[in-house]
Amino acid sequence: MKTGVSVNEVIGVVLICSVITATLGLFPSIAYGLAPPSPPTPTAPGSSSEPGQTINTLTPTLQWSGASGADYYALAISKYPYGSGNIIYNPQQVYGTSHVVPSGTLVASERYRWNMQAHNSAGWSSVSNTLYFQTPPPT
């Protein structure tokens, strides 16, 4: 009568669990201790308090400092009154450390804020700090 479990049996169970976990897409973050990246740091345009600087274009280039280990970013621009119900632009896979807001997205004489998140194979970062800006009046 067998009363214990051999080391080889334990190793076999661990290997089977690893294969199942890898198949489900969970293996990298569990096996290698990966964590979501830190959030990026938005740098321009804008300031950290409302209402923010008035920019001179309706197609600004958003700029940020990248997050180590991030493979891409998501950004969100919301108009006043701010909040998830007033998000007007929200691309989910932005590469690099700058992004031009497309024509027709922003309107004249409006207040906006923007922030970001970084992504890697372990998931999304927390939300970055927020920058505020205003668009110029119509010409």
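This is a predicted model: local features need pLDDT of at least 70, side-chain atom pairs count only at pLDDT 80 or more; totals for chains, interfaces and linings use all residues.
Residues are numbered from 1 along each chain as its sequence is written, and side-chain values rest on heavy atoms, with hydrogens and water left out.

The protein chain contains 2 helices and 9 strands, where helices (H or I, at least four residues) and strands (E, at least two) are DSSP runs numbered from the N terminus. Read from the N terminus, the order of elements is α-α-β-β-β-β-β-β-β-β-β. Of the 139 residues in the chain, 32% are buried, a class defined by a relative accessible area under 20%, with exposed meaning over 50% and partly exposed the range in between (1.4 Å probe, protein chains only). The accessible surface of the chain, computed by the Shrake-Rupley method with a 1.4 Å probe, comes to about 8,200 Å², and carbon and sulfur atoms hold 56% of that surface. Among contacts (heavy atoms within 4.5 Å) with a separation of 6 or more, 66% link residues 24 or more positions apart.

Strands are taken to pair if DSSP finds at least two bridges between them. An open sheet of 3 strands has the order β1-β3-β6 with antiparallel pairing; β1 (41-44) and β6 stand at its edges with a single partner strand each, so one side of each is left without a neighbour in the sheet. The twist from one strand to the next averages 30°, with axes given by lines fitted to C-alpha atoms and angles running from 0 to 180 degrees between N-to-C directions. Within this sheet, strand β3 (residues 61-65) is joined to β6 by 3 bridges, and Q63 stands opposite S98 in β6. Strand β9 (residues 131-134) pairs in the parallel sense with strand β2 (residues 53-54) over 2 bridges, and is joined to β7 in the antiparallel sense by 4 bridges. Q134 in β9 takes part in both pairings, being the bridge partner of T54 and also that of R111.

When residues up to four places away in sequence are not counted, the contacts of I77 include L62, Y112 and W114, together with I87, I88 and Y89.

I87, in strand β5 (residues 87-89), is partly exposed at a relative accessible area of 37%. Beyond four places in sequence, I87 touches A76, I77 and S78; the C-alpha atoms of I87 and A76 lie 6.6 Å apart, although the two residues are separated by 11 residues in sequence. T105, by comparison, lies in the loop between β6 (98-100) and β7 (111-120), and counts as buried because its relative accessibility is 18%. The side chain of T105 reaches the backbone oxygen of P102 at 2.9 Å, and T105 touches I88, Y89 and Y112, again not counting residues up to four places away in sequence.

Definitions and conventions: A polar contact is a pair of N or O atoms within 3.5 Å; within protein, one must be able to donate a hydrogen and the other to accept it, and residues adjacent in sequence count only if both atoms are side-chain atoms.
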